[in-house]
Amino acid sequence: MQGRPQATSHPPERSLPPKLEVNLHVNGVEHRVFLRPWTTLLDALRENLDLTGTKKGCDHGQCGACTVLINGRRVLSCLTLAVMKDGAKITTIEGLAQNGELHQLQTAFIAHDGFQCGYCTPGQICSAVGLIAEGRAKTSDEIRELMSGNICRCGCYPNILAAIEAVMQGAQT
Amino acid sequence: MIDFDYVRANDVGDALSQITKHQAAKFIAGGTNLIDLMKEDVEQPTRLIDITGLPLNEIHETQTGGLKIGALVPNSDLAYDERITQRYPLLSSAILAGASPQLRNMASTGGNLLQRTRCLYFYDTATPCNKRSPGSGCGAAEGFNRMNAILGWSKSCIAVHPSDMCVALSALDAVVHVSSAKGDRAINSTDFHRLPGDTPEIDTNLARDEIITAVELPSEKFARHYSYLKIRDRLSYAFALVSVAAALKIEEGAITCARVALGGVAHKPWRVPAAEQSLVGELADRKAFSSAADIILQGAIGFAHNRFKIELARRAIVRALEQAAAGTPQSQSVKVIV
């Protein structure tokens with residue numbers, strides 16, 4: 001059409017690197033997806049697998065909202081390339097409930113009012129699952145320190161701490 | 001983020017051959033800093049070489065009574081390894097003072113050494129920065145420079161190295177083992193990072209075609225008298241305004257060996273041998289520690305927003321040395337400074 005720039009005025013199109021086959025084992029289910037190298041695990045979970053429980057907060061590793069467990073260890077999915085986790089076992093907030101029963105940390109967060117807006121909560125709970133599995137936090141100070149990678153802008157920290165302590169003491173009420 | 005392609009390396013030789021073939025390639029391990037910088041368009045590699053499959057994830061005893069830490073050992077595994085907590089608690093403490101559990105689970109030993117400054121102007125591509133874009137100027141010198149250097153800076157760059165782990169490695173006289181197609185070499189941790197001078201775009205003395213394979217800790221451990229004291233704007237999950245790794249050997253009240261390294265104040269962990277030497281033979285008391293602090297901070301010059309760091313550093317050095325002398329190292333979970 002007239003008035004539009006000629007196609008030749010654009011720089012030549014670069015061909016994108018090919019999509020790579022990636023096998024993601026998420027919450028016990030194997031997914032075969034084809035992804036560009038730069039797709040983060042966070043984006044793959046949310047955009048390719050429709051698992052939107054894992055939240056994108058800062059997308060720069062500063063808030064912890066995107067925390068998931070990879071082979072049982074808590075990590076930040078926003079700073080993880082999905083292609084690098086081919087074959088790894090990934091657990092997200094959607095995978096914590098078993099047989100229709102909430103995970104005890106999920107129950108404890110409800111019982112102790114461990115959230116207000118709820119946006120950081122999936123990351124908080126996945127991080128707490130990792131914390132308890134690590135077994136290094138014994139005191140309240142240690143739980144606070146080892147949960148410091150999860151920011152809660154509603155400021156629910158006292159109740160988050162109470163929920164985690166309750167589960168650690170096996171007395172969630 | 002610009003588009004890039006992705007390949008895996010099978011072993012060290014393969015990784016070196018691949019990095020030599022592709023000029024704009026970078027190695028990736030934990031990715032905690034690199035991916036962030038790529039999202040900001042500060043780093044723009046056109047190829048990532050995944051080295052996480054390399055067999056560099058173990059800690060071995062050395063023949064001289066030290067430890068050799070594989071470059072891919074995650075920061076958390078290193079910090080909690082019993083050989084480190086028992087024999088090199090200063091290193092464990094410093095690692096646990098940095099980042100968050102999630103980041104420590106991801107970040108590798110070699111990657112921690114290679115992390116780049118968190119200077120605001122390095123990250124913000126709308127501002128000048130000689131480290132990011134040589135010749136463009138320094139946005140920090142006249143800007144918001146609270147987190148910037150007071151020692152060793154140059155007219156072209158006032159950035160600081162952000163690592164806590166590297167401050168302890170410097171104090172412990174660790175050695176960085178690297179390989180290239182030409183062979184292997186060892187770099188003292190104190191020589192690994194460099195001062196900015198006129199080429200602030202170069203952070204370290206690692207060549208582009210080299211890879212870090214291990215970090216070696218010598219036999220001197222300072223397990224009894226040590227402290228890592230980190231002062232920051234938020235009590236956890238924040239970079240240091242000033243940090244101090246202090247290590248002493250004391251016999252009958254007198255100091256026989258001293259190490260002091262500062263973080264958050266310069267382009268590299270800051271050590272002043274003359275200050276350490278001044279402590280040898282002295283009683284482990286505040287007077288000696290104050291004199292050493294004066295020597296360390298000779299020539300310190302701050303900027304509009306960070307001049308307070310000179311006095312902060314002076315007090316932190318004295319306090320960390322007192323903690324080390326008393327055998328009461330700073331806790332990284334109970335944040336009260338005693």
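In chain B, the C-alpha centres of domain 1 and domain 2 lie 36 Å apart. Domain 1 covers 5-53 and domain 2 covers 225-326, with bounds that come from an automatic or database domain assignment. This is a predicted model, in which local features need pLDDT of at least 70 and side-chain atom pairs count only at pLDDT 80 or more, while totals for chains, interfaces and linings use all residues. Residues are numbered from 1 along each chain as its sequence is written, and chains are lettered from A and ligands numbered from 1 in the order in which they are written.

I turn to the sheet of chain B. Three strands form an open sheet in the order 1-3-2, with parallel pairing; strands here are DSSP runs of E with at least two residues, helices are runs of H or I with at least four, and both are numbered from the N terminus. Two strands pair if DSSP finds at least two bridges between them. At the edges are strand 1 (5-8) and strand 2 (25-28) of chain B, each pairing on one side only. Strand 1 of chain B is joined to strand 3 (residues 47-50) of chain B by four bridges, and B:Tyr6 has B:Leu48 as its bridge partner in strand 3. Helix 1 (residues 12-21) of chain B packs on this sheet and touches strand 1, strand 2 and strand 3; contact requires C-beta atoms, placed from the backbone, within 7 Å. The direction of helix 1 makes about 150 degrees with that of strand 2 of chain B.

How do helix 12 and helix 13 of chain B pack? Helix 12 (residues 286-296) and helix 13 (residues 308-326) of chain B pack at an angle of about 140 degrees, their axes 9 Å apart. Axes are lines fitted to C-alpha atoms, for helices over the stretch in contact, and angles run from 0 to 180 degrees between N-to-C directions. The two helices are therefore oblique to each other; angles under 35 degrees count as roughly parallel, over 145 as roughly antiparallel, 65 to 115 as roughly perpendicular and the rest as oblique. Among the residues of helix 12 in this contact are B:Phe289 and B:Ile296, and those of helix 13 include B:Ile317 and B:Leu321.

Finally, chain A. Helix 2 (residues 104-111) and helix 5 (residues 157-168) of chain A pack at about 135 degrees, with axes 8 Å apart. That makes helix 2 of chain A oblique to helix 5 of chain A. Helix 2 of chain A contributes A:Gln104, A:Leu105, A:Ala108 and A:Phe109 to the contact, and helix 5 of chain A contributes A:Ala163, A:Ala166 and A:Val167.

Notes:
Contact = placed C-beta atoms within 7 Å.
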